[in-house]
Amino acid sequence: MEAVNKVQSAAANAVSLEILGNRLLSVAEEMGATLIKTAYSTNIKERRDCSTAVFDARGQMIAQAEHIPMHLGSLLGAVTSLLQKFSVETLKPGDTFVTNDPYSGGGTHLPDITLVSPVFWDETLVGFVACLAHHADVGGKVPGSTSGDANSIFQEGLRIPLTRVCNAGELVQDVVDFVLLNSRTPTEREGDLAAQIAANRVGEKRLQDVVKNYGVERYFSITAALMDYAEKLMSAGIRSLPDGVYSFVDYMDDDGINIGKHLPIAVTITIQGETAHVDFAGSNPQVNGPINVPLNGTLATVFYCFKALVGANIPSNQGIYRVLNVTAPEGSIVNCQPPAPVGERIDTCQRVADVIFGAMAEAVPNRVITASNSSVTTATFSGTNAKTGDFFVYLETIAGGQGAHANGDGLSGVQVHMTNTSNLPAEALEREYPLLVKRYTLRQNSGGAGCYRGGLGIQRDILALQDGITFSSLADRQQLPPWGLNGGKDGAAGQYLLVRKNGEVKKLGAKDSGVCLDAGDIISVQTPGSGGFGNSYKRDAAHVRQDVVDGKINREAAMDLYGVIIDEQHVVDEKATQLVRSAWNKPELL
């Protein structure tokens, strides 16, 4: 009988973990839905550049909605900082705190504003809910608050120390006024901040419902067990990796100031039993330009990579961190110190993901993908709308190719790794801004050739409908293309082109600020593709033909890169193809 009771108890515990884990996830997801549906700016309501999470009473994350992996660093830091700065006794129901400062634990760059609210049940602090939203402008030297040539965080916008924005349920208008006064688009900021407050209020209510259902003590017990469960799953996942030391180095194009000076991101990963040590020694010292990353951003990237490698179904909570040991040299590009600028820290985190997967390709080649577009290719347009008289800031991060892998082609036109935003539909863009989308398509031949082809990048051409519009670019992977694996070819690098109304074409820098546009000028944003996997001459000729039919490659690329001869009617010349491919091993046949 005792044995039966133990079995039943274990089953009940497993069921409780699954149910509570999903209920907490639903709390975070409902917060996210509230934020998106009530936000004012296109960047949040359309592009969904936001994240939400739930924390326990000690500030440990217990659930994160599936939004933006990069935001995890900001959310973790904000709650930890709150508990360090404010004693629990001073927290009240209805309080909400706001911050965005990377150097006090509240963010990873200034446009990401985080709101944290304590949650009480029967006067007991039972946890926190937090939401983060990327605000289109928080001041700084350029509209959009991310300048490619910023050399100090003081040029990147308003830094908000962790402070109350709601006191016992009452809005602290003075704090809101500080934010509005420092933004070029105060109406948007006011609407988006109100949406964030509403999202946290929903999260508080839903979390209180959960605690009411379980009771405080049982709730605490099961949430603690939920993190232990994630730890055990991550430990088991790491045990599935072969022990060893694995290293990889990749490079950033430059820092936006010292143009063309490639900057190394290095990693050495030691797998031993059920622990992983990730060491970034050898990475470049922090730089003058805005691609530096605070440590929280690097930690969030490592968290994401290992979850992708060994446990896509592991609950996203802080238990995962317990078996990941990360070291990054202080004052380096992946653990920067103030006042280093950090506006485009996410491009560096994308490269951090690339080097981790590159290192692990030696250990588990069937689990990794080749280098993806791995650049948050940003286009920012700003100016005074002639129709409304209002100043506008439109920013978008354009997707690109996802890396190929041992089992298939990479996806085309998608966000990868540390970002997960949606595109802004052309209809929404054209309704709100004096701009017109002239072309929106996949970039032919941008996916790296291989037995499995890399995903394609995007071309998005945007026409200015009035004079006086300013454009800023911000990207990487425009000099050093995304690499392939196992003989796969590199994908195409990205580029920005300015096409003047008189037909003059100029290639812009990857981190260019203040390009003046007149009516009729076009900005062509062309994002990187991704690397191929395996030898391209081993790709099924039928798949090559289909790529030609679909416009993903042209006939010349089919012949030059894949050795497949296709006529104008899209018929494969089997004999010629066999001859060309045979010559790969027997060049005397040519």
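How many bridges join β12 to strand β16 (residues 469-474), and do the two run parallel or antiparallel?

Tutor: Five bridges join β12 to β16, and the two strands run antiparallel. Before the details, note that this is a predicted model, in which local features need pLDDT of at least 70 and side-chain atom pairs count only at pLDDT 80 or more, whereas totals for chains, interfaces and linings use all residues. Residues are numbered from 1 along each chain as its sequence is written, and side-chain values use heavy atoms, with hydrogens and water left out.

Strands here are DSSP runs of E with at least two residues, helices are runs of H or I with at least four, and both are numbered from the N terminus. Two strands count as paired if DSSP finds at least two bridges between them. Strand β12 itself covers residues 377-384. It is also joined, by eight bridges, to strand β13 (residues 391-398), again in the antiparallel sense. There, glycine 383 has phenylalanine 392 of β13 as its bridge partner. Six residues lie between the strands of the β12 and β13 hairpin, and glycine 389 takes a positive phi near 80° in this hairpin. Seven of the eight residues of β12 are buried, and the strand is mostly covered; buried means under 20% relative accessible area, exposed over 50%, and partly exposed in between, with a 1.4 Å probe and protein chains only. As background, side chains in a regular strand alternate between the two faces of the sheet.

Six bridges link β5 to β1 (residues 50-55) in an antiparallel arrangement, with threonine 52 partnered by cysteine 131 of β5. Strand β4 (residues 112-121) pairs with β5 over ten bridges, also antiparallel, and isoleucine 113 has alanine 133 of β5 as its bridge partner. The hairpin of β4 and β5 has two residues between its strands, and aspartate 122 takes a positive phi near 55° in it.

Lysine 212 belongs to helix α5 (residues 186-214) and, at 59% relative accessibility, counts as exposed. Alanine 281 lies in the loop between β10 (275-279) and α7 (295-310); its 42% relative accessibility makes it partly exposed. Beyond its neighbours within four places in sequence, alanine 281 is in contact (heavy atoms within 4.5 Å) with Ala266 and Pro329.

For the whole chain, the secondary structure comprises twelve helices and 20 strands. The radius of gyration is 25 Å, close to the 25 Å that the globule rule gives for 590 residues, so the chain is as compact as a globular protein of that length; this radius is taken over C-alpha atoms, and the rule is 2.2 Å times the number of residues to the power 0.38. The C-alpha trace spans about 80 × 75 × 40 Å along its principal axes. Of the 590 residues, 57% count as buried. Among contacts between residues at least 6 apart in sequence, 71% join residues at least 24 apart.
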